[in-house]
Amino acid sequence: MPDKTLTVATYAAGASFAAITLIYVFGPTFFFDSGPAASTNRKNGVVGLSNPANDCFINSVLQALAGLGDLRLYLIRETHRRSLDDELVYAQVVPVGMLPGDAQHFRSDTPKWKMEGFQRGLVTKGLKDILDSLNERPLYKKTISALPFLRVLEEAFRQRVSRQQQDAQEFLQVVAERLCNEYHAGRRARISARRLGAMIDRSLEKGQAGLGGDAMQNVIIQVNGVENGQELRKYVENGPGEEDEEEEGFPMEGKSESQIECLTCGFKPRPTATTFCTLTLNVPQVSSATTLGACFDGMFKTEYIDDFKCEKCRLVHAVSLLEANLQRSTSESAKAKTRAAIDKLELALVTDPENPPKDVPLPGLSHAPRRRIARHIRLISFPKILAIHLSRSIFDASHYSQKNSAKVAFPEELPLGGLLHQKKYKLLGVVTHKGSHDSGHYETFRRQVLQSPFSNPNTFQPAEAYSRTASPAPTPPIKARQPDGGEESPLVSTPDLLSPSGADSPTSSLNSPTALVPGPQTSTPTGDDKARASLSSQQAPAMPANRARDPDSSSLRSVAVNAKSTFSKITSRPSSRAESNPKAVGMDAHTLKPVPIAKPKRRKVQDRWWRISDDKVKEASTRDVLSMQREVYLLFYEVERV
């Protein structure tokens with residue numbers, strides 16, 4: 001007979017091994033994701049960046065970008081989309097001007113090698129790699145180098161990156177605009193490839209099968225609109241169809257609109273729309289503290305400009321001059337010509353004052369009347385990630401620049417837009433600068449945000465990280481099947497480790513349909529079911545109460561019970577006083593009924609920040625971040641998810 005002490009030790013070791021296995025399978029990152037609620041004394045660090053040669057302006061921007069969840073999600077989707085497509089999709093350079101809106105992102109004289117780099121997505125892939133490395137959760141202090149990403153930038157721009165006291169805003173603008181250009185170039189390449197496939201399908205349907213190399217090149221030229229302009233115009237006029245799927249754009253790209261209005265005639269020309277990736281706001285030169293709202297007012301408030309040449313006032317002035325000439329004229333032919341010119345100008349005044357008739361001579365711009373106009377700017381497309389640059393440069397008449405050290409109070413939550421279309425942004429990152437205008441040091445405050453994992457309930461459908469919406473179809477439930485021989489299945493004989501009944505339950509939860517199908521069962525048994533149930537009850541022998549259990553099965557049940565209890569102790573969290581103490585209830589004076597006491601509020605995890613200075617990392621709070629009013633330089637807000 002085995003020793004009792006050895007048997008107990010064996011059972012304890014088996015229970016511990018089972019508990020560890022359960023944690024590894026069902027919650028491998030439990031101790032990482034538990035946060036301060038599980039262990040307040042434990043501090044998890046982040047990966048730092050080395051600074052070998054004045055690289056603090058690069059390190060601060062990369063650390064701030066690493067804390068933006070929408071940017072990382074975009075990089076995952078874009079790189080995954082490019083990996084699924086064929087390399088030939090991005091190898092063929094699409095001419096600029098083929099699609100509407102190309103002029104907003106690309107110039108007509110863009111070199112071919114630069115367009116090839118845009119379509120290949122070099123910086124997109126390089127930034128994803130460095131941000132993935134920065135978002136690791138190290139168990140010890142870890143420092144990496146930004147040199148691989150700098151090499152990617154140098155390969156993309158074909159020039160070296162100067163690292164001598166550079167501006168963090170300039171580096172951010174270069175990276176953001178490059179990412180935006182790569183997205184639009186990749187989207188144009190995908191549209192061109194779909195159009196090429198549609199053109200080939202139409203050619204095959206018309207009987208032009210067996211296309212050779214020259215014929216295929218002709219089809220490519222026709223698709224790109226070089227020869228077959230009618231097909232291109234027809235496609236553009238009809239707009240995006242089934243071939244052009246709607247994509248989620250670059251999250252840092254927004255659009256602003258500038259509108260002017262003549263205060264004399266009330267004419268409003270067509271507004272001018274511009275895209276931006278970083279929003280630059282000038283800090284007012286005040287001795288006291290200012291706010292971020294005052295900086296926004298300096299850009300978006302109405303501005304009045306004098307001595308402006310209004311197009312409509314110019315046409316009205318030309319009509320008045322022609323009418324004066326008509327009264328002084330004595331020739332009938334001259335009068336008829338003047339009346340025709342007046343009629344054309346009056347028609348242009350009604351329809352489009354910005355496009356006057358070309359055959360009617362107008363007075364020079366020097367003789368046009370000067371008017372006072374009102375100019376205002378508004379946001380028409382809000383980006384998911386709002387990067388704000390607070391310009392602190394002051395330039396005087398002697399071309400000497402200095403730093404504006406005024407305090408700027410910035411909020412943690414920033415509402416933008418009107419009452420009907422308001423967007424709420426949350427602060428996720430801050431880049432500060434200490435020093436003078438020509439030298440100093442950059443630091444980053446990065447909010448500790450644990451991004452939710454991208455679940456994939458159905459393995460055979462796209463995951464949420466690569467599709468716009470998550471898969472609604474759940475994984476189908478699988479029931480245990482009994483063997484034909486009448487013997488009980490091991491799965492059924494072994495009790496469920498997480499079932500409420502534990503080892504005392506004679507049936508398994510896998511054998512019960514209610515354990516896999518949620519909701520109550522409302523089906524009514526039929527006569528055959530009742531007869532079958534009575535027959536099975538008659539044939540089943542009665543089990544004596546004092547029957548000795550099998551030692552193997554009892555040991556397995558004891559191991560399962562111990563593992564279950566250990567796992568429940570690890571995963572369970574301490575409840576509040578109101579829940580643990582049954583007396584933690586109040587009494588209503590009027591109704592004399594017990595009223596539960598409100599639970600104490602816990603500290604939010606979002607209140608924790610990382611203060612990162614190159615390879616030095618330490619914790620900070622929201623109060624510490626909002627107090628950096630004199631040093632704040634870059635702000636990163638992310639729109640709140642509804």
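I took helix axes as lines fitted to C-alpha atoms over the stretch in contact, with angles running from 0 to 180 degrees between N-to-C directions. The model I examined is a predicted one.

**Entry 1: a helix pair**

I looked up how helix α13 (residues 311-328) lies against helix α14 (residues 332-351), and found an angle of about 160° with the axes 10 Å apart. Angles over 145 degrees count as roughly antiparallel, and α13 and α14 are therefore roughly antiparallel to each other. I noted that their crossing is left-handed.

I then listed the residues that make the contact. From α13 they include Leu315, Val319, Leu322 and Leu326, and from α14 they include Ala341, Ile342, Leu345 and Leu349. Charged residues also take part, among them Lys312 and Glu323 of α13 and Lys335, Arg339 and Glu346 of α14. By class, I recorded eleven nonpolar, one polar and five charged residues in this contact.

**Entry 2: aromatic pairs**

I counted five aromatic pairs in the model. Tyr74 sits in helix α4 (residues 69-84), whereas Phe250 belongs to the loop between α11 (229-238) and β3 (254-262); the two are 176 residues apart. I found both Tyr74 and Phe250 buried. Ring pairs also join Tyr74, Phe250 and Tyr183 into a cluster.

I next examined Phe296 and Phe300, whose ring centres are 5.9 Å apart with planes at 20°, so this pair is stacked. Both residues lie in helix α12 (residues 292-300), four residues apart, or about one turn of the helix. Phe296 has 8% relative accessibility and therefore counts as buried.

Definitions and conventions:
Residues numbered from 1 in each chain as written. Predicted model: local features only at pLDDT ≥ 70, side-chain atom pairs only at ≥ 80, totals over all residues. Heavy atoms only, no water. Parallel < 35°, antiparallel > 145°, perpendicular 65-115°, else oblique. Left-handed = near helix turned anticlockwise from the far one by under 90°. Contact = heavy atoms within 4.5 Å. Phe/Tyr/Trp six-rings, centres within 6.5 Å; stacked < 30°, edge-to-face > 60°. Buried < 20%, exposed > 50% of the residue type's maximum accessible area, 1.4 Å probe, protein only.
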